[in-house]
Amino acid sequence: MKATKKLLIFCIILSVQSLYAQFPGMGGYGNKASKLKGKITGTLVDSISNQKIGYATIVLKKAGKEKEINGILSEDDGQFKLDEVTIGKYDLFISFLGYEEKQITSVELTEKKPDKNLGKILLTPSNFLLDEIEITAEKSLIETKVDKIVYNAENDASNAGGDATDVLRKVPLLVVDLNGNVSLRGSENVRILINGKPSGMFSQSVSDALKMFPADQISKVEVITSPGAKYDGEGTAGIVNIITKRGNIEGVAGSFDSSVGTRHHNGTLNLSAGKGRFGSSASGSVYYSIPNEATSSLSRTSTGASNFSMSQDGTTTTSRLGFNGTVSAFYDFNAFNAINSSFSYQGFGFDTDGFMDGSIMLDNVASEWRRENEGGNLFSGFDWSTDYTKKFEKNDGQELALAYQLSGNIQNQDYTTIQTGDPFFLRNENQFNDGDNRESTIQVDYTHPLKKGIKLEVGGKTVLRDITSDSKYNFYDDVTKSYSILDESRSQIFNYTQDVYAGYGQLSFPLKKFQVITGLRYETTSIEGALEGEPDSFNQTYDNWLPNFTISRGLKNFQNIKFSYTQRIQRPSLFYINPFTNSVDQVNITVGNPALDPERTNQYELSYNTFIKGVGIFSSFYYKTTDDIIESIIRVDNGVSINSFDNVGQNQSFGLNIFSTKTLNNFTLRGGVNFFTYNAEGVVNGEMLTRDTYEYNVFFSGEYSITGSLKVDMFGFFRSPRRSLQGDQASFSMYGLGAKKEIRKWTIGIRLIEPFNETKFFDSRQEGTDFIQESSFGLPFRSFGLSLGYKFGNVDFKERKSKIKNDDLKSGEGGGGGNMGGQNSRGN
């Protein structure tokens, strides 16, 4: 009887529990159950490489609904966890740049099973279906994508202790000469960006700015050969984007990197802090190049009616000191509105001290002199940018971005020249040039996803540039014992303004098995310049419609084929237009040309990528025409060489780029060749010239992972002489070896460059109708360095970049810091 009662009570309790579970509003117990919360977890993995995917976006929505309930980013190891999720059915949306969006529907949490582990979630790279192929091995050193090539510099041990020019020399398609001038497919019309933004430091001399940038601070380099309409129309060769090791984080973290060597030393410090919707970061670095003594020689012989010859040789000692610092902060008002601001200040200076012995032979009469030069140069500037971004709740991917940037740059050059010998050459004077550049940029970009796979992008931009160059020449006063006698005939103030207004529209969409990107950009440019106190001035206004078109298709077995067409222009920067006359070398004068027109380029490119038995092959063939090409020209007048710039004519070029990579166990080998023709015709010094020749460069690199924390890297390259209508500039080659060992949070490295060449010589030759000029530079080259790095804190980077990319100026070649004895150095 007792057993029967117990069984009856148990059945009643069970029935009541079941009733409350089905009708929770009947009692407190049901209400309590409805508030039960669980979690959804999983791990994101690349479907091809099996690598974990960090920082991807995971959005949670009610099943069948559009409203977002929650959203997070995956951790560095690909794992994610959505906490405090109420019992019910949900849809999960996962997205990340370079991958197809993943949708997981009907993820159900129940009272019995409130926690759901989705396990390994495979994301398919977008290249596999449409437009991108990526070489993946650990974190690949080289990646090729539909619109760019990426070199992951932080994974290359041989970079430790070098500068940015050392890094760029290892990037496929790029060539960096002995002075640090960067060219892409044979053209120096390359725009350099830092973290997607321009820097005023590059307006005068790209090479000098890159030499003060420590390699240890560079994370990766992107090379964009076919920029779309959303990019500025300038940069006829393409765009190079240097991305530094920085970002905004959750928590507190930092790192310190340093290196010492036989050629230069540097140190870098990074600090970051973030909590929730606010974060900030700061970084700073210093770079010092120890004094290096280099030799130079130059000879020029007349081939005309006059019996004239000139020769000079000497040595110059150059030391360099550079620094840069950046402070940035962000704040997310909510999931759809955010503001990001950053301020950077950078600068570098170099001192030169040397002599040059020269002689002139005219009609069998010789004249000799000795020139002693002492110079100081200081380039510094700042960049401040602020961006506001608004995302729209009802349309994923719809975005409005507003950006403003203010840049300032000063470029001062100060040279003292004392010349002795024959009376005609006697002089004791000082040359000083003070250059100021102010630039304001306002930009708006709007992205609107239309139907599935279709995206519309529109925007506008205004760039206002104001440049002043103040040049003074002073003779030495024996009375005051100072350089106080102003030479008014050569001293001048040059004022220059350049305003650019632009708008663009770009549409990307799938077309059956193809992916298409097409766009149109309109730019109008207004230029005005004048010498202060002079009645004559010049002004110019021109309009450009710049179309672009790209179509690509992903094939089976990781094959990809792409065709693109782009039209671009290249405006000359201050380096080319500055009328300052640099006459440190009295028989080799350098002066800018303010009347230069922009270059105009049309480029057609066909590329094909494939994998054959584990070997990745990436190739492209292109045809490019450039009108009004800007080249350095030499004119000889009464035995004096005048070096300037001019729009000499047109160049038509065919090119072929091939890059290959192969990984075998722990060893990866990469190599490639770039070959292109130089078919130019134009007028130089009143004479019609034509030249048909070619240029090429070959490179290789490799890495061997001895253990998981110890690896060795090696590299080498050769670049043929650079061609122009007047001659050839020196060929260049380099090779090196590096090793890196990670010990917990510490990293130690070693770097060796050209161990069998203490000094390298670089020979150039140029000729005109009445002269032949040959020059040679001898530079110390062998170097050895050690590096040490330390990381601390918890790093969870969420990098934010400004929308502004002022990639619209043809920047200068190697400045005074990379040349010997003041030759070819430019004033401001």
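This is a predicted model: local features need pLDDT of at least 70, side-chain atom pairs count only at pLDDT 80 or more; totals for chains, interfaces and linings use all residues.
1. Overall make-up. The chain contains six helices and 44 strands. Of its 828 residues, 52% are buried. The accessible surface of the chain amounts to about 36500 Å², and carbon and sulfur atoms account for 57% of that area.

2. Contacts along the sequence. When contacts between residues at least 6 apart in sequence are considered, 67% of them join residues at least 24 apart.

3. Three strands make up an open sheet with mixed pairing, in the order 4-1-7. Strand 4 (79–86) and strand 7 (115–123) are the edge strands; each has a single partner strand, so one side of each lacks a neighbour in the sheet. From one strand to the next, the twist averages 20°.

4. Pairing of strands 1 and 7. Strand 1 (residues 37–46) runs parallel to strand 7, and the two pair over seven bridges. In general, strands of a sheet pair through backbone hydrogen bonds, in either a parallel or an antiparallel sense.

5. A nonpolar surface patch. F621, F654, L656, I658, V673, F675, Y694, Y696 and V698 form a nonpolar patch on the surface, and together they have about 730 Å² of accessible area. At least two residues of the patch come from each of strand 33 (640–664), strand 34 (667–684) and strand 35 (687–707).

Definitions and conventions
Residues are numbered from 1 along each chain as its sequence is written. Side-chain values use heavy atoms; hydrogens and water are left out. Two strands pair if DSSP finds at least two bridges between them. Helices (H or I, at least four residues) and strands (E, at least two) are DSSP runs, numbered from the N terminus. Axes are lines fitted to C-alpha atoms, for helices over the stretch in contact, and angles run from 0 to 180 degrees between N-to-C directions. Patches are made of residues with over 30% relative accessible area and no salt bridge: like charges are joined within 9 Å, nonpolar side chains (Val, Leu, Ile, Met, Phe, Trp, Tyr) within 5 Å. Accessible areas come from the Shrake-Rupley method with a 1.4 Å probe; for residues, only the protein chains shown count as cover. A salt bridge is a side-chain nitrogen of Lys or Arg within 4 Å of a carboxyl oxygen of Asp or Glu. Buried means under 20% relative accessible area, exposed over 50%, partly exposed in between (1.4 Å probe, protein chains only). Contact means heavy atoms within 4.5 Å.
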